[in-house]
Amino acid sequence: MNVSQSSAGLGTVLPLTSFENVLLFLFNIILATAIIFFNVSVFVSIMMNRSLRNENRFMYMLSTCLSDICTGVSYYYAGVMDVRDFYESPNRTFYIVPTFLGLSYMAILAAQADRYHAVVAPFKYSQRMTRNRTLLVIQAYWVYAFLIVAVYNLVTLGVARRVTSFGTFVANIFTVIIMIGLNIRLFFIAKFQLEREPPSAERDNKRASVYLIIIVAVCFLIAWLPIFLHSIVCNFAGSTCYTFRNEGSDPLRILPRVNAVLTPLLYIRGCSALRSTLLSKVWRTQCCKRKG
């Protein structure tokens, strides 16, 4: 963005001078609205159902929904307007908007580890991962994320560039390895280990929760792998990774926002108790009223 654009005021993601630009503008508004609507719906549904709140996995869902709600709200600015969320941009968000996306990633990764522990060692899991410890884990990665934001905004530009470059490179490699590895391991656990257990409601619940987090993580990887790989390649090449005009016109940054819509939809599709609460108490659909 040049000085004349900045002085003239903040414009839309692209000038509304063509049909394609108007479509992109409307798409980003609809995307932000959908992110907020579905995540608020799931968040309220969990809060209204005590049995759901008593399970640790739904605490991670609450965390994911909260960070994605913040992502949706912030996308009305970062995605709809002409915003380049980069070091020296006058319209940057000081790394706050990308942090909400990062919190969703950490919640999904923590949920994967939680399900792995619960299925592999259920007795130890029940002893170790109490409600308070689960909430402590969630609190820890929220505090960590915003501590990193504070550090980025307090150090000089040169230091921030070096820290971001190195940190992103390492985090992306570990993300791909850990999430793919955990997904493969969880799949084999759900496929073979749980099949050997006698049929029971607990076994079905375990299998459903494992399959759900696997599908969520796979969709996450599909949405995030392009930007992860792009960043890794740019770090190896030593070139600048940001090549698009702004956040809202960059497909690599739009994809993670699309994932913020898919995640609550997968939660709704994969959990019957959550879906029942959502339809009967939050959305209050006519079909559920007739059944009641």
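# Working notes on a helical model

Q: Which residues does Thr134 touch, leaving out those up to four places away in sequence?
A: Thr134 touches Asn56, Met59, Tyr60 and Met129 under that rule. Contact here means heavy atoms within 4.5 Å.

Q: What sort of model is this, and how are things counted?
A: This is a predicted model, in which local features need pLDDT of at least 70 and side-chain atom pairs count only at pLDDT 80 or more, while totals for chains, interfaces and linings use all residues. Residues are numbered from 1 along each chain as its sequence is written, and side-chain values use heavy atoms, with hydrogens and water left out.

Q: Back to Thr134. Where is it, and is it buried or exposed?
A: Thr134 is found in helix H7 and is buried, at 0% relative accessibility. Buried means under 20% relative accessible area, exposed over 50%, and partly exposed in between, using a 1.4 Å probe and protein chains only.

Q: How many helices and strands are there?
A: The protein has twelve helices and zero strands. Helices (H or I, at least four residues) and strands (E, at least two) are DSSP runs, numbered from the N terminus.

Q: How many residues, and what share of them is buried?
A: The protein has 292 residues, and 45% of them count as buried. Its accessible surface comes to about 15,000 Å², with 68% belonging to carbon and sulfur atoms. Those areas come from the Shrake-Rupley method with a 1.4 Å probe; for residues, only the protein chains shown count as cover.

Q: What share of the contacts joins residues at least 24 apart?
A: Taking contacts between residues at least 6 apart in sequence, 76% join residues at least 24 apart.

Q: Which residues in the largest nonpolar core touch the most other members?
A: Ile46, Tyr141, Met179 and Leu274 do, in a core of 53 residues. The elements that give two or more residues to this core include helix H2 (19-48), helix H8 (157-193) and helix H11 (272-282). Another core of 14 residues lies apart from it, with Phe25, Ala32, Ile35 and Phe38 among them. A nonpolar core is a set of buried Ala, Val, Leu, Ile, Met, Phe, Trp, Tyr and Cys residues joined through side-chain atoms within 4.5 Å.

Q: New topic. How many disulfides?
A: The structure holds zero disulfides, a disulfide being a pair of cysteine sulfur atoms within 2.5 Å. Cys65 is buried, with a relative accessible area of 0%, and Cys70 is partly exposed at 22% relative accessibility.

Q: What is the span of H5, end to end?
A: The end C-alpha atoms of H5 are 36 Å apart, which agrees with the 36 Å that its 25 residues should span at 1.5 Å a residue. The expected span is 1.5 Å times one less than the number of residues. H5 is mostly covered, with 20 of its 25 residues buried.

Q: What about H10, and what caps its N-terminal end?
A: H10 has 20 residues and reaches 28 Å from its first C-alpha to its last, close to the expected 28 Å. Asp250 caps the N-terminal end of H10, with a side-chain oxygen 3.0 Å from the backbone nitrogen of Leu252. Val258 is placed in helix H10 and is partly exposed at 27% relative accessibility. The C-alpha atoms of Val258 and Ala223 are 7.6 Å apart in space, for 35 residues apart in sequence.

Q: Which side chain does Asp82 make a polar contact with?
A: The side chain of Asn246, at 2.8 Å. A polar contact is a pair of N or O atoms within 3.5 Å; within protein, one must be able to donate a hydrogen and the other to accept it, and residues adjacent in sequence count only if both atoms are side-chain atoms. Asp82 is buried at 5% relative accessible area and lies in the loop between helix H4 (56-78) and helix H5 (96-120).

Q: What is phi at Phe94 and Tyr95?
A: Phi of Phe94 is near 55° and phi of Tyr95 is near 70°. Most residues other than glycine have a negative phi. Phe94 is partly exposed, at 40% relative accessibility.
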